[in-house]
Amino acid sequence: MAGVTKLTIAGFKSIRELRDFELRNLNVLIGANGAGKSNFIGFFKLLAEMYERRLQLFVQQQGGSDTLLHFSRKLTDKIEGELNFGTDYDHYRFELVVTNDNRLIFTNEQYWLHSRGSRPGEVGLLGGNKDESDLKKLAAQQKSPLIDDILNSTRVYHFHDTGEKAKVKQPHALNDTLRLKVDGANLAAYLRMLKTEHAESYRQIVDTIRLVAPFFDDFVFRADSASKIQLEWTERGDPDTPFTAHALSDGTLRFICLGTLLLQPWELMPATILIDEPELGLHPYAINLLADLLKRASEQKQLIVSTQSVELLDRLEPEDVIVVDRKDNASTFHRLDAVQLQDWLDDYSLGDLWKQNVLGGRPA
């Protein structure tokens with residue numbers, strides 16, 4: 001499988017301790033509001049910022065170290081993490097401790113390669129008391145594309161903002177096509193690039209959008225004199241009248257973003273995709289299509305998704321689902337087991353079992 005195969009998190013926000021938790025290619029988190037689903041996804045955001053040497057900026061943007069520690073420094077003095085990658089179980093481990101000036105610094109950071117027969121600490125002891133990680137530099141020196149590719153391309157996507165001033169609706173640079181932005185801010189330029197360079201994927205995106213929005217015909221790509229472009233589209237039966245993204249419903253615009261993300265060519269798709277509540281504003285039929293897109297993408301990539309949608313849960317296999325609960329002021333995580341649920345599943349769907357509180361993940 002791609003991505004992270006096993007994960008340890010301790011001392012991070014509501015996650016007091018989660019040890020050696022196994023991940024699959026498709027991991028869908030369900031649970032009550034405040035249970036810790038977003039914090040699980042937030043841990044990967046922390047990893048991405050550490051990898052890009054932006055830890056201190058990230059800590060301050062989050063409001064300081066106390067907001068990241070489990071119940072602040074009064075209860076927790078460090079954040080621990082460990083990741084196993086791929087079938088050969090290459091490892092990355094780190095510890096962050098709080099400082100008096102409200103920062104987080106490394107006291108331990110290790111990276112070793114079982115695939116090369118090394119032992120823990122033999123490769124990549126990065127040292128301690130550092131403000132930023134050297135993992136990116138070390139991964140390049142050790143020529144380990146597995147860890148480099150996974151962490152370098154981990155993206156947390158959030159398409160919730162579809163208001164009047166949302167970035168996805170604003171003009172942006174025509175050449176902003178390196179990757180789809182996590183908030184869809186370069187959607188028009190990215191779709192234009194796909195139409196030009198990956199016509200089959202583009203056509204698949206358009207056809208899928210038409211299933212959700214039968215009135216939709218195609219996108220229109222026009223650059224202004226400043227080489228700016230914005231999202232425009234036409235209705236079926238009226239190809240001569242372009243509309244902007246402001247004329248789309250919030251749900252339709254979000255589905256366009258999701259469809260572009262999950263149907264882009266494999267070589268452009270991030271190795272690890274994280275999406276927080278992608279069902280927001282979607283019609284139940286669109287949610288069914290979204291489930292199919294998630295399962296398709298998980299054939300080659302790793303997805304971590306949080307949801308409150310019963311319709312989405314109904315389209316999943318039990319082993320794809322992680323139930324998040326809040327017990328004794330800490331998040332707990334457990335993956336569903338189809339064998340244990342077999343008698344229930346003979347008569348009920350997963351969504352029914354969730355609503356009846358058989359699975360957990362409901363307010364206590």
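Modeller: A search of the whole structure finds 18 salt bridges, each being a side-chain nitrogen of Lys or Arg within 4 Å of a carboxyl oxygen of Asp or Glu. This is a predicted model, in which local features need pLDDT of at least 70 and side-chain atom pairs count only at pLDDT 80 or more, while totals for chains, interfaces and linings use all residues. Residues are numbered from 1 along each chain as its sequence is written, and side-chain values use heavy atoms, with hydrogens and water left out.

Colleague: Which side chain does D320 meet in a salt bridge?
Modeller: That partner is R24, at 3.5 Å from N to O. The two sit 296 residues apart, D320 in the loop between α10 (310-314) and β15 (321-327) and R24 in the loop between β2 (15-22) and β3 (26-31). Helices (H or I, at least four residues) and strands (E, at least two) are DSSP runs, numbered from the N terminus.

Colleague: Is D320 buried or exposed?
Modeller: D320 has 7% relative accessibility, so it counts as buried. R24 is partly exposed, at 36%. Buried means under 20% relative accessible area, exposed over 50%, and partly exposed in between (1.4 Å probe, protein chains only).

Colleague: And what does E109 pair with?
Modeller: E109 meets K130 in a salt bridge, 4.0 Å from N to O. E109 lies in strand β6 (residues 104-112) and K130 in the loop between β6 and α4 (135-141), 21 residues apart. Both E109 and K130 are buried.

Colleague: Which residues are joined into one network by shared partners?
Modeller: Those are E17, R19 and E80, through their salt bridges.

Colleague: Switching topic, how many residues does helix α1 have?
Modeller: Helix α1 covers residues 37-51, which makes 15 residues. From first C-alpha to last, α1 reaches 22 Å, close to the 21 Å expected at 1.5 Å a residue; that expected span is 1.5 Å times one less than the number of residues. Because 13 of its 15 residues are buried, α1 is largely enclosed by the rest of the structure.

Colleague: What follows α1?
Modeller: R53 does, and its phi is positive, near 60 degrees.

Colleague: How many aromatic pairs are there?
Modeller: The count is 16 aromatic pairs, taking rings of Phe, Tyr and Trp (its six-membered ring) whose centres lie within 6.5 Å. Ring pairs link F12, F21, F40, F43, F44, Y92, F94 and F333 into a cluster.

How values were computed: Phe/Tyr/Trp six-rings, centres within 6.5 Å; stacked < 30°, edge-to-face > 60°.
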